[in-house]
Amino acid sequence: MADNRTTSLVDETIRQLDNIMNITPRQAAKDVVKKAMGRSVRSKDPMFWPSGMLILGLVTSLGILKEDDKLKAKALKSLDDHLKLWQTRYGGRLDFVDDALAGYGVIRLYEKTQDQTHRQIIDRINQFVLEAPTDYAGSIIYNKGKGNTCIFSDGIGQTTMFMAAFIRMKMIIQEQLYDGRNESEIQYYSESDYLNEISKLYIQFINFYRYGRDKKSGLIYHGYSLIGRNDLDYDSRKTIAARVAKEYSMEHECQRHGLLGWGRACGWLMMGLSESAGLEKYLLQKGKTISQRTDFSLIQWFVELCNIVMDYQRDDGGWSWQIQAIDGHIDMSATGMIAYSLAKGISEGIIEKDSEIHDRVEKSLDRAVECMLAHTKDGVVLDALSSCDDFGVHYQSYGNFPWGQGAALAAIAATMSRDAK
């Protein structure tokens, strides 16, 4: 259960979520200057990824707070108030694939509350993700509004976290409905209901493995874009299941973008992959063989990435903003995201107890948690890298940001509850 250090983290994260949409005149003036300089400014979307990361931190922390804890009630109220704010002030709009991260948090919240309002939000976000524009290979484009066809690890990680959790949530609900019936009567895992959604999930990783991964080091780039074609008008909802095997055997010309081994890029992909590998394990336990249709194993890639990132863990237990730069500046957002993924690997049983990697992951997590707490003062997480404006555009500014605050809390809470399942 939580101690004083973690409860102060929770309390501060609540404060930040409650105030994330309250912009002071000074902050607004800074945004005007940044916009004039061509730099990114804060979004008016209450579900955008900075809020999503705070939501993830708070939802994960619910698992380490006692049922009668006033702080738990305070966290639940903060989450509910923020969702109401999104619906009332922002009209419940969904404008960015980044909103899928907040949607993932709502799925985890719904599992605890069974609140039908939360379920309605989840269904709305699921429809948004299913209809998100893709490139011709089926990968979700990060921001088509800019007229590009770039695939970012951010968008892939955020959407696959949601997609995997949504699919498993529906399966579990159906399993409960069919409880007590003969296994042969349970058809809700069949292609008729789930193959399109599962296939769309798999194609995100198949493509990123091929086009966004460095073959020699195994590290990933921030993103990539396929070149030579621009036929984005096919309906992925109808065709993706049929294209999985074909795309797996095809090779397209592409251009890699951004830094190799940027910490948050690794974190985003690992977060999505940890949730999706958990789904794969669940499917295999149920006797389903979707992964075998492409000979592509999410579990295997996740374990590979775990080993790679642990090779670059710093002596102080954290990860640098660019993970190969061991002596570079530490980044609490990358550290939190990577550690959260490792903790999910343990709790989901993806990292099996009798595997060679299990003890290494456990020790890595313990070191990472102490590092994150050492970079926290009065509940405020320090030393997180500022936002990234584009591929390779990283202003080396460090401090407290929502993505560092939420990621560290999520990682610490997930690590504390890793053995609960």
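In which handedness of crossing does α4 pass α6? The crossing of α4 past α6 is left-handed, a term applied where the near helix is turned anticlockwise from the far one by less than a right angle, right-handed being the clockwise case. The structure is a predicted model, in which local features need pLDDT of at least 70 and side-chain atom pairs count only at pLDDT 80 or more, while totals for chains, interfaces and linings use all residues. Residues are numbered from 1 along each chain as its sequence is written, and side-chain values use heavy atoms, with hydrogens and water left out.

The axes of helix α4 (residues 70–89) and helix α6 (residues 116–130) come within 12 Å and cross at roughly 55°. Helices (H or I, at least four residues) and strands (E, at least two) are DSSP runs numbered from the N terminus; axes are lines fitted to C-alpha atoms, for helices over the stretch in contact, with angles from 0 to 180 degrees between N-to-C directions. The two helices are therefore oblique to each other, the class left after roughly parallel (under 35 degrees), roughly antiparallel (over 145) and roughly perpendicular (65 to 115). On α4, the contact (heavy atoms within 4.5 Å) is made by Asp-80, Leu-83, Trp-86 and Gln-87, and on α6 by Thr-117, His-118, Ile-121 and Arg-124.

Aromatic pairs number 13 in the structure; rings of Phe, Tyr and Trp (its six-membered ring) pair if their centres lie within 6.5 Å, and planes under 30 degrees apart count as stacked, over 60 as edge-to-face and the rest as tilted. Trp-49 and Trp-268 form an edge-to-face pair, at 5.8 Å centre to centre and 80° between the planes. Because Trp-49 lies in helix α3 (residues 49–61) and Trp-268 in helix α10 (residues 263–285), this pair ties together parts that are 219 residues apart in sequence. Trp-49 is buried, with a relative accessible area of 11%, and Trp-268 is buried at 1%; buried means under 20%, exposed over 50% and partly exposed in between (1.4 Å probe, protein chains only). Ring pairs link Trp-49, Trp-268, Phe-401 and Trp-403 into a cluster.

Gln-114, with a phi of about 55°, is found in the loop between α5 (99–113) and α6 and is partly exposed, at 48% relative accessible area. Asp-378, with a phi of about 50°, is found in the loop between β4 (376–377) and β5 (380–381) and is exposed, at 68%.
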